[in-house]
Amino acid sequence: MKEHLWKDDSACLGMETDDFFDNYEEQPEIRAEIDSICKECPVRRICFANGISGKNTGVWGGVYLEQGDISREFNKHKTKRDWANTWHCLLYTSPSPRDRG
C-alpha cells in the first residue's frame, strides 16, 4: 500500500507547480489567486513548516519563502489583514491529525 503523504490532501494537488515557484515570482498577477488557494488548504500548516524546516524556496503554506526565510519581495503585495489571517491560521488553528504524524 502506498504511504499517504500530507501533500495528497493539499488544495494545490494536480496544479501546475511552477505557479508556486517561478511563475509566482515572474507573474505578480497570479499571486492573489495562489494565496487564496493556500488560504483554504487543509494542510497549510504542515506545508509551511516543511518549507521553513527544509529551507525551501517558493510558496509554502501561503507564504513565499527564499531558502526557508520569508521573502519581503514576493510577499509585499499582502496587506496587514492578510498577514493577520495567515499567522492566525498558522499559529492558532488546531493541526489536522495528519499534521501530527
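Predicted model: local features only at pLDDT ≥ 70, side-chain atom pairs only at ≥ 80, totals over all residues.
**Note on the fold and its cores**

1. Helix H3 lies across strands E1 and E2, and runs at about 15 degrees to E2.

2. Overall layout. The protein chain has five helices and three strands. Along the sequence they follow the pattern α-α-α-β-β-β-α-α. Of the contacts between residues at least 6 apart in sequence, 47% join residues at least 24 apart.

3. The sheet. Three strands form an open sheet in the order E1-E2-E3, with antiparallel pairing. Strand E1 (58-60) and strand E3 (69-70) are the edge strands, each pairing on one side only. E1 and E2 run antiparallel and are joined by three bridges. Trp 60 has Val 63 in E2 as its bridge partner. In general, strands of a sheet pair through backbone hydrogen bonds.

4. The main core. The largest nonpolar core has 11 residues. They are Trp 6, Cys 41, Val 43, Ile 46, Cys 47, Phe 48, Trp 60, Val 63, Leu 65, Trp 83 and Leu 90. H3 gives the largest share, three residues. The bridge partners Trp 60 and Val 63 both belong to this core.

5. A separate core. Another core, of nine residues, lies apart from the largest one. Ile 37, Cys 38, Val 59 and Phe 74 are among its members.

6. Helix H3 itself. Its buried residues are Arg 44, Ile 46, Cys 47, Phe 48 and Gly 51. Among them, Ile 46, Cys 47 and Phe 48 are also listed in the largest core. After H3 comes Lys 55, with a positive phi near 50 degrees.

7. Trp 6. Leaving aside residues up to four places away in sequence, Trp 6 touches Val 43, Ile 46, Cys 47, Asn 50 and Trp 60. Of these, Val 43, Ile 46, Cys 47 and Trp 60 are listed with Trp 6 in the largest core.

8. Ser 10. This residue sits in the segment before helix H1 (22-26). Is Ser 10 buried or exposed? Ser 10 counts as buried because its relative accessible area is 12%, and the cut-off for burial is under 20%. Beyond residues up to four places away in sequence, Ser 10 touches Cys 41 and Val 43.

9. Burial and surface. Buried residues make up 37% of the 101 residues in the protein chain. The chain exposes about 6700 Å². Carbon and sulfur atoms supply 51% of that area.

Note on methods:
Residues numbered from 1 in each chain as written. Heavy atoms only, no water. Core = buried A, V, L, I, M, F, W, Y, C linked by side-chain atoms within 4.5 Å. Buried < 20%, exposed > 50% of the residue type's maximum accessible area, 1.4 Å probe, protein only. Helix = DSSP H or I, 4+ residues; strand = E, 2+ residues; numbered from the N terminus. Contact = heavy atoms within 4.5 Å. Areas by Shrake-Rupley, 256 points an atom, 1.4 Å probe, with all protein chains shown as cover. Pairing = 2+ DSSP bridges. Axes fitted to C-alpha atoms, helices over the stretch in contact; angles between N-to-C directions.
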